[in-house]
Amino acid sequence: MELREFATRILSADTLEEKLFTPDILTDENPGPVLLWKEPSRPVHLQLQKFSRKDRLPSLALHHDPDKRAVCLHRFAGHELLAVEIMAYALLAFPDASSTFRRGVAYTLCEEQEHVRLYMARMKGLGIAFGDLPLYRHFWAYVPFLTTPLHYLSVMSLTFEMANLDFAPLYGASFAKHGDMESAALMERILRDEIGHVAFGRRFLEQWKSPEASDWDTWKAHLPPRMELSRAKGWEFFEEHRQKAGISSDWIEQLKNA
Ligand SMILES: [Fe+2]
Ligand SMILES: [Fe+2]
């Protein structure tokens with residue numbers, strides 16, 4: 001299946017099966033013209049809602065309660081599905097980008113589909129299904145700012161996915177502390193994949209930045225106005241996961257202090 005068709009199917013799907021369909025073979029012979037997708041269609045039970053303060057995740061102190069852990073996993077599954085859709089958006093928005101970039105985005109997208117499946121399996125173990133709780137727009141709100149592949153990478157790979165290098169292990173450790181080793185193992189798997197997704201963004205940022213600019217300055221210059229730099233980290237900071245993704249020590253230091 002062509003990447004363009006793959007992306008279009010994902011963004012216009014009205015069933016979860018279709019959103020999570022991964023073709024065996026992907027080709028990119030006809031990327032087509034630029035297409036800026038307005039809003040992903042969603043199955044009725046997975047509609048996007050507006051987020052408010054009362055919708056914040058339960059604190060780690062409540063993770064002894066399996067229902068509260070399930071709320072967290074449901075939220076994370078929602079993030080993964082949004083990532084799938086934003087990656088599909090990028091495939092349609094940047095038909096002229098290099099084929100290695102496009103193939104990399106498609107590969108990452110397929111991993112995000114797998115993450116949704118993994119969260120769904122674990123939620124089932126905790127007695128809920130995807131769509132039982134509200135889902136929020138979150139990252140989709142930033143789509144209008146993803147005007148070039150470098151903006152896309154700066155926001156997705158190098159901010160939201162980078163923050164997951166802290167959040168995945170933080171939640172994983174808390175789940176383990178409360179005896180939920182299955183959820184903890186899942187967070188470990190997610191962390192491993194996300195390190196790869198951050199590395200993908202870092203590689204292209206290095207390739208595309210102007211030679212005199214630093215990685216850090218290039219990243220900052222490609223974020224939406226008013227986006228806080230702290231969006232790229234959690235409330236604990238795991239340097240080693242960033243090192244594994246090849247993030248420079250200068251970048252790590254500046255972000256730590258941001
Ligand atoms: Fe993911
Ligand atoms: Fe990811």
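Biologist: How much space lies in the largest pocket?

Modeller: The model is a predicted one, and the volume is a value computed from it. In the largest pocket, the space comes to about 920 Å³.

Biologist: Which residues lie nearest the centre of the largest pocket?

Modeller: The lining of the largest pocket has 19 nonpolar, five polar and eight charged residues by class. Of the 32 residues that line this pocket, those nearest its centre are Leu57, His79, His138, Phe139 and Phe167.

Biologist: Which helix gives the largest share of the lining of the largest pocket?

Modeller: The elements that each give two or more residues to the lining are helix 3 (66-93), helix 4, helix 5 (149-177) and helix 6. The largest share, eight residues, is the contribution of helix 5.

Biologist: Is helix 4 roughly parallel or roughly antiparallel to helix 6?

Modeller: Helix 4 (residues 99-125) packs against helix 6 (residues 181-208) with the axes 11 Å apart and at an angle of about 165°. Because angles over 145 degrees count as roughly antiparallel, helix 4 is, relative to helix 6, roughly antiparallel.

Biologist: What is the handedness of the crossing of helix 4 and helix 6?

Modeller: Residues that meet across this pair include Phe101, His115 and Tyr119 in helix 4, and Leu186, His197 and Phe204 in helix 6. By class, the contact of helix 4 with helix 6 has ten nonpolar, six polar and eight charged residues. The crossing of these two helices is left-handed.

Methods:
Residues are numbered from 1 along each chain as its sequence is written. Chains are lettered from A and ligands numbered from 1 in the order in which they are written. This is a predicted model: local features need pLDDT of at least 70, side-chain atom pairs count only at pLDDT 80 or more; totals for chains, interfaces and linings use all residues. Side-chain values use heavy atoms; hydrogens and water are left out. Axes are lines fitted to C-alpha atoms, for helices over the stretch in contact, and angles run from 0 to 180 degrees between N-to-C directions. Helices (H or I, at least four residues) and strands (E, at least two) are DSSP runs, numbered from the N terminus. Angles under 35 degrees count as roughly parallel, over 145 as roughly antiparallel, 65 to 115 as roughly perpendicular and the rest as oblique. A crossing is left-handed if the near helix is turned anticlockwise from the far one by less than a right angle, and right-handed if clockwise. Contact means heavy atoms within 4.5 Å. Ala, Val, Leu, Ile, Met, Phe, Trp, Tyr, Cys and Pro count as nonpolar, Asp, Glu, Lys and Arg as charged, and the others, Gly among them, as polar. On a 1 Å grid over the protein atoms alone, a cavity is a set of points where a 1.4 Å probe fits but cannot get out, and a pocket is an open set with protein on both sides within 12 Å along at least five of seven lines; lining residues have an atom within 4 Å of a point. Grid points are joined across faces, edges and corners, and a volume is the space filled by probe spheres set on the points.
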